[in-house]
Structures are given as C-alpha cells and as structure tokens.
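Biologist: I would like to go through this structure with you, one question at a time. Please show it first.

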Amino acid sequence: MSCYHSANLQNEALVLDWNDLRYFLAVAREGSTLAAGRALRVSQTTVARRISALERALGFPVFDKRQAGYALTPAGEELLSRAEQVEKAATGFVEAASGHSREVSGRVCLTTHEMIAVTLLVPILRELHDLHPEIVIDIDTREQLLDLGAGEADIATRSTTATEQPAGVVGRRICLDDWTLYCSRDYAEKHGLPQSKEDLKAHSLIGGGGPALWRQYLAWVRELGLEDKVALHYPSPNGLLAGVRSGFGIAVLPCIVADGDPELLRCFPPREGHGRYLWLLTHDRVRHTPRVRTVIDFLYDRLSRHVRQLEAKREAA
C-alpha cells in the first residue's frame, strides 16, 4: 500500500510505501540491516533493498552505511520521531479494528415463525455466517411470544396489525403479512385450480400448522362449511408446507414463503384490508450492540430484497 503525500520536490509528488517505514524504524533501532532482518523475520537483502527504495523516494539518504552498522543521518534523525508517530497511529488503528471485531461476535437470539426460519432465513443466515463466522445465531421457533424487553430474545420477526410496539421495542416493516391458499403444480394438473370458494368443496384441504395458526385457519374452514374436506392434518408449520408440496391438497400459507416456491401456485388472491404487517424487531436496549445491529441490518437487507423480487415476479406474470 502506498502513501501519497504532496511535496514540493522537483514539482513532483512524493510517493512512499508505508511498509518502508517499518524497515526504516527497525534499522534505526537495531543498528544494522542484519539485526533488523532478524527482528522483522525477513532477509538482510530485503531490508537493504527496502531502505534503498525509501531513500530513492525521498531523494536523500537517511542512513550512513558504516562498517560497524547503519547510523542515522541528520535528516534521518529528524524523520525518526515522525515515523514513530505513524507507527503509533497504525498500531492504534489495528487495536481499534480488533476491538470492533471482538464486539461483532457472540450469540444473537432470533425468535421467528418456524416456516420463515426454515425456508427464508437458513440461506440468509448461511451468507451472514460466511461474512461473520464469530456470530452465533440461536433460532427460537416456539409460538410463544418472547419478551424482547426482558432479554428473552434479541431480534424477532413478528406479524402485527398495530404500528405501535411495546415500550422500548423498535423495528422495521418488511411487508404486508399476506396469507392465502396454495397447491402444488402437480396437484393443479391433476385436479385443477379452484376458481371460487365454492369450488373448494371438490378439493382436499390440509389442516394444522400449529395451534396458533390452526385456530384461525379452522375458524375460516368452518365458516365456509369445509371442515369435512380436511383430509390431512399436520401439527407443525413445516409439515403443512410439506403436505402442500407433496401434492396431497390445498392449504393456507404465507405469501412471503409460498410465492418464492416455483412448485407452488396461488389458488386465490390474499384477503385485502387485513392490515397485518411482518416486522423485524429488536429492543432499544440492544439495538446498538454491534452483533445485534450487524444481524438485524443484514436480515432487513436480504428480506427486503426477497420481497422486491417477489413483487417484480408478480408484476411480470
């Protein structure tokens, strides 16, 4: 790496290599290129060559080469303290960078929906790990709403109709949390896509998805009089997704997940006016912690990019 410093020397800019200052300081301290080479763990020839390069760049000698060793010239004596200041600044820079690197490490607990964790977050977190292997992510997919203020989790993806969060909770809105009915392409080829809710009576439904989801899903199924059409029940969100992918039947799925699956088809547009949004949340107490900030910024960037890609895909269809 070169240092570019303007100097009025024959109307040309003085170009120095920062590394040459290391050799200059080593020779000044050790008294010879041989001893400096040992200190720097390089050959004596390398040290001599770098000192010669420094003197050519400066246009004047910084050492008197004597049989007993190298002695600083008056110009070299004058530059010694300046070189030591550069060394001190470089050491401080490295220490500050190392301290920041240590801060961007440790565990970050992320609470999220099981289906989002497995389908969307795994590839995103793999990319995050490649960039920051010192950060360990703990994923909690329990349906229980964890308290960010109490430190039960550091980051949450959460669906809510309210724009106001609990005290101290801050976040970024990712997208509308739309859900609708999906089936596989294989299922559609064999049984056709339902064109209306009345058509659903001729199709098999897959139920389940966990207690919280199933309560809402079942209420809707009962409202339409389709409870007897639930031919398969999965107790977990990922089981529900697997059942649809298998071609067994139709089930309700989140659009942010299902619209990105090339093997799945929407049966109906999502319900309008529900007002539910998917949020990426944290607590003000930890929002500026380097590891938490690194993770939440990365998640928001990648999830927002995913949403934009889905929107572009729907517009092109």
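This is a predicted model: local features need pLDDT of at least 70, side-chain atom pairs count only at pLDDT 80 or more; totals for chains, interfaces and linings use all residues.

Biologist: How are helices α1 and α2 oriented to each other: parallel, perpendicular or oblique?

Modeller: Helix α1 covers residues 18-30 and helix α2 covers residues 33-40. Their axes come within 8 Å and cross at roughly 120°. Angles of 65 to 115 degrees count as roughly perpendicular and over 145 as roughly antiparallel, so α1 is oblique to α2.

Biologist: Which hand does the crossing of α1 and α2 have, left or right?

Modeller: The contact brings R22, Y23, A26, V27 and E30 of α1 against T33, A35, A36, A39 and L40 of α2. By class, these residues are 7 nonpolar, 1 polar and 2 charged. The crossing of α1 and α2 is right-handed.

Biologist: How are α2 and α3 oriented to each other, roughly parallel or roughly perpendicular?

Modeller: The axes of α2 and α3 come within 8 Å and cross at roughly 110°. An angle from 65 to 115 degrees counts as roughly perpendicular. Therefore the two helices, α2 and α3, are roughly perpendicular.

Biologist: How many charged residues does the contact of α2 with α3 have?

Modeller: On the α2 side the contact uses T33, L34, A36 and G37, and on the α3 side Q44, V47 and A48. Sorted by class, the contact of α2 with α3 has 4 nonpolar and 3 polar residues, and the number of charged residues is none.

Biologist: Which hand does the crossing of α1 and α3 have, left or right?

Modeller: The axes of α1 and α3 are 9 Å apart, at an angle of about 115°. That makes α1 roughly perpendicular to α3. The crossing of α1 with α3 is left-handed.

Biologist: How many nonpolar residues are in the contact of α1 with α3?

Modeller: From α1 the contact takes N19, D20, Y23, F24 and V27. From α3 it takes T46, V47, R50, I51, A53 and L54. The contact of α1 with α3 has 2 polar residues, 2 charged ones, and nonpolar residues numbering 7.

Biologist: Which are E127 and R302, buried or partly exposed?

Modeller: Under 20% relative accessible area counts as buried. E127 has 32% relative accessibility and so is partly exposed. R302 has a relative accessible area of 16%, so R302 is buried.

Biologist: Where do R293 and D297 stand relative to each other in helix α10?

Modeller: The side chains of R293 and D297 meet in a salt bridge, 3.1 Å from N to O. R293, at 22% relative accessible area, is partly exposed, and D297, at 30%, is partly exposed. They are 4 residues apart in helix α10, so the separation is about one helical turn.

Biologist: Which class does E198 fall in, buried or exposed?

Modeller: E198 forms a salt bridge with K201, at 3.3 Å from N to O. K201 has a relative accessible area of 41% and is partly exposed. E198 has 52% relative accessibility, and over 50% counts as exposed, so E198 is exposed.

Biologist: Two loop residues remain. Which is R41, buried or exposed?

Modeller: R41 is in the loop between α2 and α3 (44-58). R41 has a positive phi of about 60°, although it is not a glycine. Its relative accessible area is 78%, so R41 is exposed.

Biologist: Which is D261, buried or exposed?

Modeller: D261 sits in the loop between α9 (255-258) and β13 (264-266). Its C-alpha atom is separated by 15 Å from that of I250, 11 residues apart along the chain. D261 has 11% relative accessibility, so D261 is buried.

Key
Residues are numbered from 1 along each chain as its sequence is written. Side-chain values use heavy atoms; hydrogens and water are left out. Axes are lines fitted to C-alpha atoms, for helices over the stretch in contact, and angles run from 0 to 180 degrees between N-to-C directions. Angles under 35 degrees count as roughly parallel, over 145 as roughly antiparallel, 65 to 115 as roughly perpendicular and the rest as oblique. A crossing is left-handed if the near helix is turned anticlockwise from the far one by less than a right angle, and right-handed if clockwise. Contact means heavy atoms within 4.5 Å. Ala, Val, Leu, Ile, Met, Phe, Trp, Tyr, Cys and Pro count as nonpolar, Asp, Glu, Lys and Arg as charged, and the others, Gly among them, as polar. Buried means under 20% relative accessible area, exposed over 50%, partly exposed in between (1.4 Å probe, protein chains only). A salt bridge is a side-chain nitrogen of Lys or Arg within 4 Å of a carboxyl oxygen of Asp or Glu.
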